[in-house]
Amino acid sequence: MLLMSVAMSGAQVTPARTQARGIPRKGWTISYSPDVLAAFAAIFGLAFIPVLGSLGALLFLMSGMALVLRRPGETLAALRREWAIVLMALWCLMSFVWSDYASLTLRYGIQLCLTAAIAVVMAYRIAPMTFVKIIFLTSSLEGVASLLSGRTRAGGMGYLGIYASKNALAGAMALLIIVALAVLIDRRLPPRWRQPALGSLMLGTVLMVMGKSSGALVSTLGVVMIFGLILLLQRLTPHVRLVAITMTIVLSAAVAVLLSSMTDELAKAFLDLTGKDITLTGRTDLWAVALQQIAERPFLGVGYQAFWVHGQPVAEQLWAEFGIKGRGGFNFHNTLLSNAVEIGVIGTALQTVIVFGALWSSLSWAIRSPSAASIFFALFMVRLFLLMWIEVVYFYQFNAVTLTIIVAVCYGRRLREAERLTHSGGSLDKPGRPGLPAVT
C-alpha cells in the first residue's frame with residue numbers, strides 16, 4: 001500500500017467511463033510516474049548495497065541513468081543550474097591528473113560525477129515530499145532487514161544488522177529516526193503514512209541503542225533538540241523569530257565561552273560516559289597526521305580517495321599502528337581534514353560552501369514552511385553538521401548521504417527561486433528552464 005502510494009505520487013487516478021454496447025460502465029484509469037519508480041529503484045539500490053553489493057550499485061546506476069537519459073534537454077538544463085555541484089564533482093575527477101594513484105582516482109571520480117548527476121536530476125524530477133516518502137520506505141526496510149539479520153559484533157561490542165560496522169548501522173538508523181519523525185509530525189499526511197512512522201521511529205531508536213555508537217547517539221540527541229527549537233520558532237511571528245534567533249546566537253556564544261573554561265572537566269566526564277580514551281580513540285593522533293599531509297600538499301591534495309590505498313606508506317603505517325588488519329574502513333575522523341588531504345583546500349572549500357548553503361536553506365525552509373519534507377532536510381543537514389567534526393560524512397560515490405545532500409542543495413535553490421518569482425509575479429516554467437516539482 002505504501003509503495004503504491006509513492007509510485008502514484010504526482011500521478012493521477014481518475015474515474016473513466018467506457019462504452020460497451022452502448023451501456024456506460026464505470027472504472028478506474030491508473031497512471032504512474034516513471035520518474036518516481038526510477039527514483040525509488042535507485043535509492044533502494046543504494047540503501048541495500050551492504051546486502052546486494054555490486055548489484056545494489058548497478059541497480060542505482062541503471063535506474064538513475066534512466067532518469068538522466070529520459071529527457072536529456074531538461075537534464076542538461078538542471079546540471080547547468082547546479083554548476084557548483086558539477087564543478088565540485090569535476091574537481092574530484094580531475095584530481096587524477098596529480099593523484100598518486102591515478103587509476104583509482106579516475107574510477108572513483110567518474111562514479112562521483114554519475115552520483116552527482118543522478119542526484120541533481122532526481123531533485124528536478126520528483127517533488128520533495130515524494131523523495132522523503134521514498135527515503136522513509138527504504139530506511140524502514142533497512143531497519144526491518146537489520147532486525148531480522150541478528151548479526152552482532154564479537155564479544156557483545158555492538159549490533160551490526162546488515163552492515164559491516166556498528167557506525168554504519170547507527171548512521172542508517174539515525175536517518176530512519178529523522179525521516180520517521182518528520183513524517184510523524186506532518187498532520188497533512190494520511191494515517192497510512194503517519195501510523196507506520198511511529199513504528200519505524202521506535203525500530204530505529206532500538207537498533208541505534210543496540211549498535212552502541214556513542215557518536216551517533218550524541219548527534220541524534222542534538223538533532224532532537226534542534227527539532228524542538230524549530231517547532232518553537234515556527235510558532236513565532238517573523239519579527240519575534242528574528243529576535244529569538246539573535247538571542248539564541250548570543251546566548252550560545254556566552255555558553256561556549258563559559259564552557260571553554262571547563263574543558264578538562266567536561267572532557268573527562270564525556271570520556272568516562274562513552275568509554276573513550278583521552279585521544280577519542282586515536283582521533284587526535286589522526287588529525288595531527290592529516291594536518292601534516294595537508295601542509296605538504298595544501299592546494300591540490302593527494303587525489304580523490306588516493307590516501308587510504310594499499311601500498312601508501314603513511315596509510316600502511318596508520319593501519320599498523322591502530323591494528324587495522326583488514327587495511328580498510330578507516331579514515332581521519334574529520335570531514336574537512338580528510339577531504340583536504342585528498343582534494344586540497346580548494347576543493348574542500350567548494351564542498352564546504354555547498355554543504356553549509358544546504359544547511360542554511362534547509363533550516364530556513366523548515367522554520368518558514370514546516371512540512372515532512374522541510375523538517376526532514378533540516379534535521380538531516382543538522383546531524384551532518386554535528387558529525388562532520390568527528391567523522392567523514394561527504395562526498396562519496398554511490399552513497400545515500402551524498403545523494404541526499406545534493407538533493408537538499410537543489411531543493412534549497414528551488415525554494416529561493418520560488419520566493420523571488422512569487423514577489424515578482426513570474427513563473428517557474430519559463431522557456432529554456434526545466435519543469436520543476438513544487439516545493440511544499
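Visitor: What should α4 span, and how far apart are its end C-alpha atoms?
Guide: Helix α4 (residues 54–70) has 17 residues, so at 1.5 Å a residue it should span 24 Å, and its end C-alpha atoms agree at 24 Å apart. The expected span is 1.5 Å times one less than the number of residues, and helices are DSSP runs of H or I, at least four residues, numbered from the N terminus. This is a predicted model: local features need pLDDT of at least 70, side-chain atom pairs count only at pLDDT 80 or more, and totals for chains, interfaces and linings use all residues. Residues are numbered from 1 along each chain as its sequence is written, and side-chain values use heavy atoms, leaving out hydrogens and water.

Visitor: Which α4 residues are buried?
Guide: Gly56, Ala57, Phe60, Ser63, Gly64, Leu67 and Val68. Buried means under 20% relative accessible area, exposed over 50%, partly exposed in between (1.4 Å probe, protein chains only).

Visitor: Switching topic: is Ala358 buried or exposed?
Guide: Buried, because its relative accessibility is 1%. Ala358 is in helix α16 (residues 335–368).

Visitor: What does Ala358 touch?
Guide: Leaving aside residues up to four places away in sequence, Met381, Ile405, Ala408 and Val409; contact means heavy atoms within 4.5 Å.

Conventions:
Helix = DSSP H or I, 4+ residues; strand = E, 2+ residues; numbered from the N terminus.
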